[in-house]
Structure formats: C-alpha cells, structure tokens
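Here is a friendly briefing to read alongside the model. Keep the viewer open and follow the topics in turn.

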Amino acid sequence: MGTNGSLQSTPEGLVPVSHSSLPTPAPLTLSESFLLPSMSTPPTSSPSTNAMAAAVSRGTGLIRRASRGAQQIPGRFRRKGSNAHRDSSSGPVIMRRRSDSRGVADAGNDVSDFDLNVDDDDADDDLFLDLNGEPINALGISSTRPSVHSLPEGVAEAPVRDTRLEQGTSLMKVTKKKRKDIKFRLDFDSAKVYWDSSRPSKQFYIDDVSDLRIGADARHYREECGFPESFEPFWFTIVCSISSRSKGRSTKTLHLVAPDKPTFELWTRTLDCLSRHRIEMMAGLVGSAEKIAKTVWRRAMEKKFEGMNHREDQELLDFAGVIQLCRSLHINYTEATLREHFAKADCDRTRTLNQAQFLYFVRRLKERKDVKQIFKRLAPTSGPEMGKEAFFFFLKADQGINVDDDINHWTSVFERYARASKPKATPPSGGEIPLPLTMSLPAFQAFLSSPANSVFAPASADPRLTRPLNEYFISSSHNTYLLGRQVTGESSTEAYINALQKGCRCIEIDCWDGSDGNPIVTHGRTLTKSISFSDTIKVINKYAFCESVYPLIISLEVHCSPEQQAVMTDIMVKVFGEKLILKPMNDSMVLPSPEELKHKILIKVKAAAEDWEEKLALADLPNGRRPRAISSPWSRPIHLNDSLVPNTPLLASTPSMSPPERMATFWTSPPTSTTSTSTGLPTPAPLSSAEDSDSPHVAQAEDKKRKKSKTSNIVKVLGDLGVYTRGIKFSSFMSHDANTYNHVFSFAERTFDKVCKPEAATKQLLEEHNMRCLMRVYPSGHRINSSNFDPMKFWRRGVQMAALNWQTYDLGQQINEAMFAAGDDRTGYVLKPAELREEYPSPVIGHRKKPKKRVKFSVDIISAQQLPRPRGLSLEANINPYVEFEMYSAEDKGRVATGEGGQDASARNGVSGIGQPLRKRTRIVDGNGYDPNWSETINMTLDTRYPSLVFVRWTVWNSIDGRSVNNTPLASFTAKLSSLQQGYRHLPLFDINGEQYLFSTLFCRIKREDFVEIDESSAPIPCSVESMNTWPEPSNGQSRRNVFRKVFGRTPSERKKRKEDLQYFDPREADPGFISRSHTLER
C-alpha cells in the first residue's frame, strides 16, 4: 500500500486507505427534529443498543478510538479555508457521475486537440458514437439509459440562472428519524447548495454529486423513511461522494421533498443541467474544441464586467487574470512557465491578452510534444499528415494489433478521425478524383486518447462463459452493506448499489432479528446502524444485473429466529420471482455454467436443521456409506481423489488476538432487539447460520455451541434455497459434505492460512477441492478498520470467491478491481488458468508442481497530463511529480523477479513475491504538474507458476521539495498484466478513494513478450513459504536459539505458542491507528 497476507504490512505501497484514516467533515444531517403526521408505512426500527454499547458510544472507549485512530492525524495538516479554491473552480476534478458506466477506465479522456473542431457543424458527428452506435460524450462514456443521473451526451445545455434558487426555496429534508422544512439556496458562481451560510458543514458542491435519483430510482429510500407513494412525484435523493469521508464513509445521501411539482422540477432540472455543464466544460478543456476555450473566455468576461455594457476591445486579461483562470481550470504549471507562454501570446507587448491571443495561449498549453514526435516518425515523407497505410503500419508495429482480422473496422476508425478535423467534403465536379483521406496531428492525438485506443483489451461481441461455475474467479464482496468501518460504520442500501454497478457478482447480507418482527441487515453486536432486509432485497433485485447479466450469488449470514427466517424466505421468493433458483436445472452432478445461469440469483445459505440430523445419523452408518436420498434433495455425491492424503481433520485454530478484556461483554452481548415468541426453541442470540461470522467473539462463542450441539439453526424453507451454493461448515476435505457437488466451504483468512501451511497435509486436498467445488474466503474479524488481504494469495489456490471490503480502496481492492476490469472479465467472472481447472490435459493435483513460466515486459513511462493538486497544498507551491511502477505476483518465494531501468525502489530485503512488489521509479520533474515528461523505460522479468496472476501498478507521487521521495501520492492505476494492450496508451488515474480523475492520465508505451515455459529439470526449486513474516528478521544467534528450543523442547510452552501465533497476526489488522508509509503521506 506479509504476515498472513495482510496488505497493510507492506510498508511501501500506495496508501492502504481504510475509511478511518481520512478527515471528517460535519455530516449533512440536521440536529433539529421535526415530526410530520404519522405515515402509513413507518420506517423499520433498528435494534436498541445495550448498556455496554451505549456506554462505548458515549465515551471515548478503546473501540471508538481504535476505529477512528488514524482519522485524527490528517486533520492536523488541513488548511483552514480549504473550500476557497473549490469556490473558484470552473468544474470537477473527479469523474463522479458515472452511474451508467462502471469505472469507465477504458474511456479516453484527452479526446482531441483544440484544432480538432468536432463540435462544429461541419465536423463528423460519428466521432461521438461508440462501436455500437451509441452516443458518447467528451469522456468517451456511453450513456444508453435516459435518466436524470446519466452523464451528458454531446453538448450539455447551459444552466439557466434562476433567482428563485439563489434566493432560496423551502424543501423538506428527511432522514429516518427527522423531517424538517428548510430553505435551500443555490450559489451558481461556486456551484454549491447550502442551507446555513454560517456553517460550512451545511452545504454540498455540485461537483461532488454522483447521482440524482427521482421516481422509481429513489423509491426504496422513500419507503425506508416511511413516506407513502403519494410523495413519490416530489421526492428526490442526492447522492454525494465526499472524498474527505465523513464518519468513515465516502458516500452520503440527502433526501429532499419539494412542496409542489414546479419546485421539484426546478431543482432537479437545474442541478442536473449545472452538473452536466461543468463536467463538459472540464472535459472539453482537456482537449475537445476551441469552442470550449471561447466559452471559458466568455464566462471570464461576464464575471469581469458584471453585466455592464462594454466594447469588445475592452475584453482583455492581464497576467494575474490568466493565472487565476488557469488555477480555476486546474492547470498546475509553475508561474514562471505560464509567464513564458503568456509572453509568447502577448505579441503586441501590451501585457494583456485579447480573445485571439488567449486562444493562442491555450494552444501552446495544449501542445503535446511527445505525441508530435511519434507522429513525425510515422509520417516523415508523406507530408504534414498521415495516410491510411502509415496508420495501419502504426497499429501493427507499435500497437500490436492484427489489422487484417478486422480491416473494415480499422478502416472505419481511420476515416472517422481523419474526417473529424476537416470540413465535410463536397462532391467533386468535372470528374475530379477526390484526394485520399489523411490524418492530421490533432486527429492522431484524438485517436490515441480515445476509447478506440483503450489500454484494456476489448470485450467479445458475444462472450460465452460455458465452463462450470467452480472454474471461474468470481468478483465478491464482504459485508457489502457497510459504507464505513466494521464497528461503528453505517449500513446502507447504497453500498449494494455501488457494488452491483461495479460488477460485483457475490454479495453478502448479515441478517438479524428486527424488533418489529421483520428481519434487518446489520453488523451484529457492533455499533453499526441497520437497514431493512426487505429494502435490501428490493434494491438488489433492481440493480442485480445492471452491469453483468451473469448469475448473482447472495451469501446469507443468518442470525435470525425461525419465524423471521421464514419472513426472509418469503420476501426473497416474492421479490426475486423467476430470477431465484429454487431447484436444480437438470440432473447433472456438475455445477451449471454462468451462461446457463444468466439473469439468475443463487442463495448461499447453510443446510437446514433437518439435513444436519440426517448427516449425524449417516455418520453412524458402517463404512460411512451414504444413501442417495439422504441430505439435501439437491446434493449429489462427487468423487474426490482421496488416495493422496489420509483423512485429516482441520488443524486446531490458532488463538487470535481478541479485543481487550474490558470490551469482551460488548463483543459477546446479544442484541437486545431480537425477539422470539416461539417456545422450546433456542434463543435468538446464539442462532447463526454462518461459520463466516467476522466478529471475533461472536464466532468463537457460536463455534463452542456448535461443538456441543452439532446442529444447524436454519429452517428448512430457507435452507432449501441453497440449491447450487449450499453452505457447509468445514470439518475435513474427506467428509461426506465435501463429496457433494453443490456445497460451499467458507474460510476466514487465518483459518485458510492454517490449512495451507507448507507442512499441512490438507493443502493439496484444498487445491483439488477447488477444482470441483466452490470456496469463499473472507477477511479476518480483527480487521476492524476494514482493511483487505491480498486476493492473489487465495486465487493461486483456486478459491473462486475472495470476498473483500469494497468500501476500502487499499491495495487488495485495487488488485481485485483490476482482476475484473477489462474485456470479458467485466462480467464479474474470470476463467481460471488451466492448471487450476479439471480439463485436458490433466490438471495439476497431488504433489505435482505447476509448470513455471517466464514473463517479460517493458513499460516506457513517457508523460502525464494535467495531474491533480494535492489536498491542502497552497496555490503557491509547485507540484514535483515522479512515478513509481510496481509488479505484484502470486509467488510466495523470495526474489522471483528482476528489473532494469529507472531507480530501484523495492524493499531492501529483495523479496518480490506476494505482498512485496518489484518496484522502480522515475526521476523527479520539478514544478510541472500539467504535462511532466519522463521518457524512461523499465524492463521486468518474472519466473512464476501463475502468469495470469501478475498485476502492475503505476503511482504518481509529489515530491514536496523536489528532491526527496515518498511524500504525497497523487494518483494511481492498477491493472492485470494480461488485460493490457500493447503500444502507446493513455492510462486513467484514480485517487485514494478509487474515484477516477476527469482529465488526469499517464501516457505510456507497453510491450509484452509471450510466456515461455522454463525447464526446471536441471535446477531444484526453492522451498516456498506460504505466508511471509514482516516482523524484523531475527539475528543469527536468536535464530539458532529458536531452532535449539524447537528441536529439544519437550512440550510447547504457552510462550512458545504465543510466538507461533504471531505468524498469523498482523498488528496493523488490529490497530487502525498504525500508520504505514502511505498513511503518513496522506497528510
């Protein structure tokens, strides 16, 4: 941003951000209460907090301090008046309004040069159509769903300045507990909405709005707050992405009700129009057309003369005005460089610029010398422009594209961009032969930064995912309902919307008893707020297939009473309808393929109590023979190769670090809201379906109860929903449950580590199991700051569902998103490499080693475009950028990779396996955050058994003084190596919260060689170490003493046990106040 695969234990990575490590603005919610007459559908009440939890929430106890630890540190470095720069900004920096297009990482940001007049009437309109003929805006984002929250298509209509909004109108602000009429005002100049001018916390910026929901899109929020359907025409919800993350969450919602339809339409139309207009202004300035530059000039003159009459020759800007305009447009050049460009444009030496001179000034800023060099190399003899033959040569030789495979497509691309900068041709007269089309430099630059030249490999026109479900890596989320921290965060349906819009295919729901008889979703026995289970299911149903048509798996962690389990079942059956799988699709004893399960929802839930009783009876049968009718009607036996390893039970769990003793009652106390009216049944508190509970004491207490009762508390009607994803408590890979094709084993990451110890006999059985059946691994419950593990550690063992905390954009989540970011991988399903699947040739099982291959590639880090200014950096300070390039592999050895070029920035111990990347960096460019140029080449070579699990990351840093390194991270981009296309590509950049920058890119050249298999017959393979310890290496003397004690010690002492446990314990998991290198740099 490794003990136990914890990514936070790697001190050199980019900001392993947890939601607890960022500054906190005041919340949008009001402190005053206002009660309306009772609604027909009151909101579902959340469970009341017990005495211990209440005491913790009132005081500054350990849990609260731990959860907020690092949060206080960046605040000390925040500058007062930090909003002043935002008030003068001309538009957004972050691409927030992207609800209709996940990530848009493959979109081109720098669409064209100012000479490319694609907005003019005589330009080719086809330039703004995607490959499917859909319109795209200046960012290359297609938007096919007409709604209030879609991105602008083409040219956005300029917002109309309405004095009613400036003076303020009354709107009802709604939360689950409060309703109050408040006067809201819109400041057009600073593009913000506020309702208390004396309190900066009572406002939001238009540029922070990620979604504006009305009608059916906002219905679930209206129902959550208990408003009847009659309010729907007046209700709108504003979703904001706050980069500073109030209360550990980056997403905030503001629910408003207009008093009448005209007021509703005025606010929604104006907010949407203003947001679109500002986005297009910034996107256009990045490189669209001269028309945008003229618009910027017009706005500046209107502001200067304040509507007064004036002559055109009076429209002038001095150097101070140009500087101010550049800063508002996020042009981060040094003042000296801007003065040099100003002097060149000021040809009459008046120390001012008129409109024509300003446009020349902008053209100079937009000149791309790096692209110009490439263009000159390609068209040295054909004149000032490039012909089709030269363009095709570029595609073949530099971009690695086989043009002949789709000659018509590439001819169309060439003609589209060649015509874009030219007037439409008139029919030739007199039999004249028209000249062949040629591509100008601006058109070539437009192509390089367009979706047609995406860094990611394109998706198939008709992807076919026909292998069984267990042969895919599946995009998976843990505690999906949380927006923030594990202990004191907030549950929200918005979290499900975010995950599903990003293509997640396995989500989690933690179900508990609600006080009104209706189940709720929350992180049990913590201070997290709850949401209604019914609302959650409705939202999931609405967004389940918005990004991917392939099956959605819902992992249920059930802590409800039998009565409310029945309610859960009824809700899911009614809401999901035909989407829900209720019985097997055929008689096959192999899991169906994602293709067969399109638009279907699978429920992962534990087996019912009746099935457990049958299994216990089966255990007493001679030879353990299983009658076919026993267990679930959907469970059929499969045959594992049990000749490799004897039937070995799971190793005893290593004692893990628990919360302090004084907090033990908080972790183990039952929720007071759970109720049960049945007699003779277990009380709600111990009921649980989930071996994957991530609250430490909860899991331990329930494990003890299971050992005594060995029964499930799931009712049959709910357990029967687990048709193809039947949750089973792990006991052994040789158990009867492990011989059913439709079961799912769930492991906490630490338990998984024990099973996969190098000396563990179960490791090979686990890998063989994952070739045939499903497995899910989730983060340790001790990660109370919602950090993530390294998913590669589990993918390399064939685990299909490595579930991560999506609300934390640390290295683990970056790698996870990169796995599913390109081409057909965007479906949320990635086919495993052949070595991890059952197919011909025979899979690698038993003690055979997977073949090792050599991976070689190079990256030319050429330049960056319009880098963002770090938060809190003064306007007078310069940006001194440099780039770190890292390669991550799934190898668990020591030094497995080598690199050439750049400056070495790897860990001193030379390790380059899991959690320890091979890292190189460029030199520092002084004072240029606008178009820094490095032109440095980095070559890397890796020997690995997992060539498909190689990830690379570019991180742009700012050196505060222009000399030292590792100061402030500006942006990053992470990708799977096999997903990247070769050649010259613009890489999108993301901030520390995973939000894409609107106009910031890296320009690189990527070269990859084919994988080459290595002959290992002549060289022994070094022993592997599954989990690398990040604790300091012991001295030789200490190491010898440890070996002596291990060999000659008769019985293990408690002290020794504790030492051994340390290899599974990362202090950064339990201490969110721990500040790594990257956390420090966030300041």
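A nonpolar core here is a set of buried Ala, Val, Leu, Ile, Met, Phe, Trp, Tyr and Cys residues joined through side-chain atoms within 4.5 Å. Buried means under 20% relative accessible area, exposed means over 50%, and partly exposed lies in between, using a 1.4 Å probe and protein chains only. The model is predicted: local features need pLDDT of at least 70, side-chain atom pairs count only at pLDDT 80 or more, and totals for chains, interfaces and linings use all residues. Residues are numbered from 1 along each chain as its sequence is written, and side-chain values use heavy atoms, with hydrogens and water left out.

**Nonpolar cores**

- The largest nonpolar core has 72 residues, and Ile509, Ile554, Leu556, Leu718, Phe747 and Trp795 have the most contacts inside it.
- Helix 17 (residues 533–543) gives the most to this core, contributing five residues; helices (H or I, at least four residues) and strands (E, at least two) are DSSP runs numbered from the N terminus.
- A second, separate core holds 41 residues, including Val855, Ile879, Phe973 and Leu987.

**Helix 12 with helix 15**

- Helix 12 (residues 369–378) packs on helix 15 (residues 441–448) at an angle of about 115°, with the axes 10 Å apart. Axes are lines fitted to C-alpha atoms, for helices over the stretch in contact, and angles run from 0 to 180 degrees between N-to-C directions.
- Helix 12 and helix 15 are therefore roughly perpendicular to each other. Angles under 35 degrees count as roughly parallel, over 145 as roughly antiparallel, 65 to 115 as roughly perpendicular, and the rest as oblique.
- Helix 12 passes helix 15 in a right-handed crossing. A crossing is left-handed if the near helix is turned anticlockwise from the far one by less than a right angle, and right-handed if clockwise.
- From helix 12, Val371, Lys372, Ile374, Phe375 and Leu378 make the contact, meeting Leu441, Phe444, Gln445 and Leu448 of helix 15.
- The contact of helix 12 with helix 15 has seven nonpolar, one polar and one charged residues. Ala, Val, Leu, Ile, Met, Phe, Trp, Tyr, Cys and Pro count as nonpolar, Asp, Glu, Lys and Arg as charged, and the others, Gly among them, as polar.

**Helix 13 with helix 14**

- Helix 13 (residues 388–397) and helix 14 (residues 407–420) pack at about 120°, with their axes 11 Å apart.
- That angle makes helix 13 oblique to helix 14, and the crossing of helix 13 and helix 14 is right-handed.
- Lys388, Phe391, Phe392 and Leu395 of helix 13 meet Ile407, Trp410, Thr411, Val413 and Phe414 of helix 14.
- The residues of this contact divide into seven nonpolar, one polar and one charged.

**Helix 16 with helix 17**

- The axes of helix 16 (residues 493–501) and helix 17 come within 9 Å and cross at roughly 20°.
- That makes helix 16 roughly parallel to helix 17, and helix 16 passes helix 17 in a right-handed crossing.
- The contact joins Thr493, Tyr496, Ile497, Leu500 and Gln501 of helix 16 to Asp535, Thr536, Val539, Ile540 and Tyr543 of helix 17.
- By class, the contact of helix 16 with helix 17 has six nonpolar, three polar and one charged residues.

**Helix 9 and positive phi values**

- Helix 9 (residues 319–328) is mostly covered, with eight of its ten residues buried; these are Phe319, Gly321, Val322, Ile323, Leu325, Cys326, Arg327 and Ser328.
- After helix 9 comes His330, whose phi is positive, near 60°.
- Most residues other than glycine have a negative phi.
- Ala191 is not a glycine, yet its phi is positive at about 55°. Ala191 lies in the loop between strand 3 (179–187) and strand 4 (192–194), and is buried, with a relative accessible area of 1%.
- Arg349, also not a glycine, has a positive phi of about 55°. Arg349 sits in the loop between helix 10 (335–345) and strand 10 (352–353), and counts as exposed at 63% relative accessibility.

**The loop at Asn518**

- Asn518 is placed in the loop between strand 12 (506–512) and strand 13 (520–521), and is partly exposed, with a relative accessible area of 36%.
- Leaving aside neighbours within four places in sequence, Asn518 is in contact with Asp513, Gln564 and Val567.
- Asn518 and Ser532 are 14 residues apart in sequence and 7.7 Å apart in space, C-alpha to C-alpha.

Definitions and conventions. Contact means heavy atoms within 4.5 Å.
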